[in-house]
Amino acid sequence: MNNYNLTKKFSQFTYKLLKVLPTGGKSYPGYLFIKYAGLDSIKKLANEQLETGSILITGTNGKTTTTTMLINLLSKDTDIISSVDNNTIYALTTALLSKKANIGVFEYGIRDIEHGIPDKVQKYVQPKGVLYTSISREHTQVLGKKNSFEQYVKAKTLLSKDMMNGVVMVNTDDPNTCNIGLNKQEEGHVIYYGLDTDMVEDVYEPADSYCPRCGKKLEYSRHYMNQRGVYSCECGFARHEPDIKVTKVLSSNGRLDVHVIGSVYNYSFDDNVSIDVELSLPLFGTHNVYNTLASLTAYACFTPEPENIESNITNYFNSLDFSILPPGRFEVEKLGDKLVGIGQGDNGDALKVNVLFMKRELFNSEAEFIYCTPDANEEEIFEDHLKTLKTVNPTHITVVPGRVSLDAAEKYYEKIVESGLNASYYPIEYDFDKRIKGIVKLINESEYSNIIVTGCGEEQAVWNIIKNKIKEENKN
């Protein structure tokens, strides 16, 4: 038995052994395989394990929800392997080791080129589809190094840059993802999805957005959400007409009535399929309208049973209970007589989404905002956050260090006070356990019945632990 086969079998054995753990052995089997078989062996592994190939989902926001919806849809039609909340090649490889299947569906978050190695992931995993949700500023500092937005966009772009004859699915309302699609049109199929309605309008004052080609300020005729909308630049760059689009978003009887229409390329049958569906969705915000559209677009592109696309999409989304989906970065909990919204908001988009999710309940009366700051060298993220804080104007803001630097957190606090907001500073040293206990203490001791806890966190686990502690206290 050669080294590859031996390593594969041992790694698969390790996967089965570790599957009983709470983490499910999410990364270690993949790490073992790469360590002893080599990174380039992933190509052979992917070819052996997947009949059709894989779909990778990336972007700044919406990855986990979109991936989960796509998994639910595709698993009705074919055998799949999958991984969610994943940003390492080790976790992706672990999923490949789990079993043989027709299609792989993998969330793949990328912060930078060095750690995300998107070019190598594309080369060795050889995806047949790459889906982009959105690209906005996030993690301008990665492991102590400054990571510019241009490098962040480049890292996302590399995931599909050299992919040939596959399907790239892009949010055409986002200028950065649209540009990725426009640059791939000669090398495969590009599907543009987006909104085409006057029923959706961003409630926030939009920040300036800039052309990904020439750097000049974009002009918008419609703003749907943050940088997403209908835009153009004097250099000629402009939003591409969507192939599949939402034409209606109407609140009715506690649900969202959504109309989706369009035509997309189906990879399995090498032909276009038409979609015209009326959906009744939970009232879960514009960001999840985008997630819904992204997931059904990828489903229509890759289902091996295209004759059932419309009925399967309608049945799934019309019966969707959003509470059974991964809650992503933000959840709402009751703690006695307090309503507490908790979750990561480590970029401007995410913070806005969290606030919008709670706005009706939380900010129609007195409320406290426990704001976890970005790190040093993440001033751009702070400026995005500050615009949202000023728009919301909560009764009181408690500023807490969200990442490593306490000095940076104090400077951000001073800028918040200078902007005229009512704020206090609560320094907690860089220690996960102390920060978790400190934030839980702030929630318990707050004089306000409406509290939102969001901003930056060094690890997703911090937020999950805080949520679980609140849930435990609520049970007691």
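Colleague: Is the crossing of H13 and H14 left-handed or right-handed?
Modeller: The crossing of H13 and H14 is right-handed, that is, the near helix is turned clockwise from the far one by less than a right angle. This is a predicted model, where local features need pLDDT of at least 70, side-chain atom pairs count only at pLDDT 80 or more, and totals for chains, interfaces and linings use all residues. Residues are numbered from 1 along each chain as its sequence is written, and side-chain values use heavy atoms, with hydrogens and water left out.

Colleague: At roughly what angle do the axes of H13 and H14 cross?
Modeller: Roughly 35 degrees, and the axes of H13 (residues 379–392) and H14 (residues 406–418) come within 11 Å. Axes are lines fitted to C-alpha atoms over the stretch in contact, with angles from 0 to 180 degrees between N-to-C directions. Helices are DSSP runs of H or I with at least four residues, strands are E runs of at least two, and both are numbered from the N terminus.

Colleague: Which residues of H13 and H14 make the contact?
Modeller: H13 gives Glu379, Phe382, Glu383, Leu386 and Leu389, and H14 gives Tyr412, Lys415 and Ile416. Contact means heavy atoms within 4.5 Å.

Colleague: New topic. How many helices and strands are in the protein chain?
Modeller: There are 16 helices and 19 strands.

Colleague: How much of the chain is buried?
Modeller: 56% of the 476 residues. Buried means under 20% relative accessible area, exposed over 50%, and partly exposed in between, using a 1.4 Å probe and protein chains only.

Colleague: Which residues have the most contacts inside the largest nonpolar core?
Modeller: Ile55, Val105, Met169, Ile244, Val260, Leu279 and Phe317, in a core of 49 residues. Helix H10 (residues 286–302) supplies the largest share of this core, 10 residues. A nonpolar core is a set of buried Ala, Val, Leu, Ile, Met, Phe, Trp, Tyr and Cys residues joined through side-chain atoms within 4.5 Å.

Colleague: And what is Ile244 in contact with?
Modeller: Leaving aside neighbours within four places in sequence, its contacts include Ile191, Tyr193, Val260, Ile275, Leu293 and Leu296.

Colleague: Last one: where is Val84?
Modeller: Val84 is in the loop between strand E2 (80–83) and helix H5 (89–98). Val84 is partly exposed, with a relative accessible area of 30%.

Colleague: What does Val84 touch?
Modeller: Not counting residues up to four places away in sequence, Val84 touches Lys26, Thr67, Thr68, Ile71 and Glu107. The C-alpha atoms of Val84 and Ile71 are separated by 9.5 Å.
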